[in-house]
Amino acid sequence: MGYFAVRNGAFARKDKKILHNINIELHEGEVLSILGCNGAGKTTLMKCMMGLLQWSSGESLLVGKNLKSCKNIWESISYVAQSRGVVFDIKVVDMVMLGCNPFVKLRPKDEHLKLVYKALCNLGLEHLAQRKIASLSGGELQMVVFARALVKKPKILFLDEVESHLDFANQKIILECVKGLSQGGCVIVFNTHFPAHALYLSHKALLLNKLEHMSMRTSNAIYGDCEKVLTAENLSKLYKVDLEIQSKAREREYVLRI
């Protein structure tokens with residue numbers, strides 16, 4: 001039994017079935033990449049996995065127990081959603097401090113502030129600490145939200161297209177940070193549109209097809225070891241474009257065939 005798992009997960013919104021027969025098992029330190037076309041249900045799957053949406057049938061398991069029966073799960077789970085812009089305007093340091101909320105009873109302590117600055121420094125963001133959120137670029141805000149997710153040292157980290165709006169330098173920072181977290185035992189689930197990123201980081205991969213294109217007798221996901229799932233053949237069928245692989249294993253790149 002893995003540290004985190006999904007058993008026979010299915011989800012429907014009104015009369016529209018979105019997910020069917022999803023099965024996942026992740027051990028400590030494993031990274032799962034989820035890839036699929038826009039509208040396939042990647043964000044919905046992620047929200048079902050962590051309990052923000054309720055499975056229509058099936059369940060998520062944490063150390064063998066139904067996630068709904070586990071207490072204080074947000075002490076060990078962090079989530080970075082897709083960037084939606086600024087909701088309220090506060091200082092960066094206060095934004096990152098929100099990641100400590102599961103542990104703060106009355107007010108933050110010095111130890112919490114130290115964790116905040118450590119997270120900012122690890123991402124090269126300490127110079128933004130006193131800036132207001134509304135003054136940040138989209139990429140800067142994405143990095144700050146990522147820092148907020150790291151501050152409580154999660155055991156499971158969900159990342160929904162965290163590379164969006166980031167330049168190459170910050171993408172590299174994110175990828176190396178995720179790899180380091182994985183090596184430290186953190187379970188990581190991330191949605192991405194970059195097969196090369198998935199191959200670089202992941203132990204396992206899940207390709208999600210729109211359910212309308214699939215037989216209801218099977219899952220609308222292809223799941224398994226990363227290098228067996230992220231093949232040119234599978235990705236070409238998923239995205240309906242011709243892809244080919246260049247270079248060698250775990251350094252290979254996926255390129256469009258024109």
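Student: What percentage of the 258 residues of the protein chain count as buried?

Tutor: The model is a predicted one. A residue counts as buried when its relative accessible area is under 20%. Of the 258 residues of the protein chain, the share that counts as buried is 48%.

Student: How many helices and strands does the protein chain have?

Tutor: Helices and strands are numbered from the N terminus. In the protein chain there are 8 helices and 12 strands.

Student: At what angle do helix H4 and helix H5 pack, and is the arrangement roughly parallel or roughly antiparallel?

Tutor: Helix H4 covers residues 138-150 and helix H5 residues 168-183, and their axes lie 12 Å apart at an angle of about 10°. Angles under 35 degrees count as roughly parallel. Therefore H4 is, relative to H5, roughly parallel.

Student: Which residues of H4 make the contact with H5, and which of H5?

Tutor: By class, the contact has 8 nonpolar residues, 1 polar residue and no charged residues. From H4 come Met143, Phe146 and Leu150, and from H5 come Asn170, Ile173, Ile174, Cys177, Val178 and Leu181.

Student: Is Asp160 buried or exposed, and which residue does its side chain join through a polar contact of 3.0 Å?

Tutor: Asp160 belongs to strand S7, residues 156-160. Its relative accessible area is 1%, so Asp160 is buried. Beyond its neighbours within four places in sequence, Asp160 has contacts that include Thr43, Tyr79 and Asn191. The side chain that the polar contact of 3.0 Å joins to that of Asp160 belongs to Asn191.

Methods:
Residues numbered from 1 in each chain as written. Predicted model: local features only at pLDDT ≥ 70, side-chain atom pairs only at ≥ 80, totals over all residues. Heavy atoms only, no water. Axes fitted to C-alpha atoms, helices over the stretch in contact; angles between N-to-C directions. Helix = DSSP H or I, 4+ residues; strand = E, 2+ residues; numbered from the N terminus. Parallel < 35°, antiparallel > 145°, perpendicular 65-115°, else oblique. Contact = heavy atoms within 4.5 Å. Nonpolar A, V, L, I, M, F, W, Y, C, P; charged D, E, K, R; others polar. Buried < 20%, exposed > 50% of the residue type's maximum accessible area, 1.4 Å probe, protein only. Polar contact = N/O pair within 3.5 Å; in protein donor to acceptor, adjacent residues only side chain to side chain.
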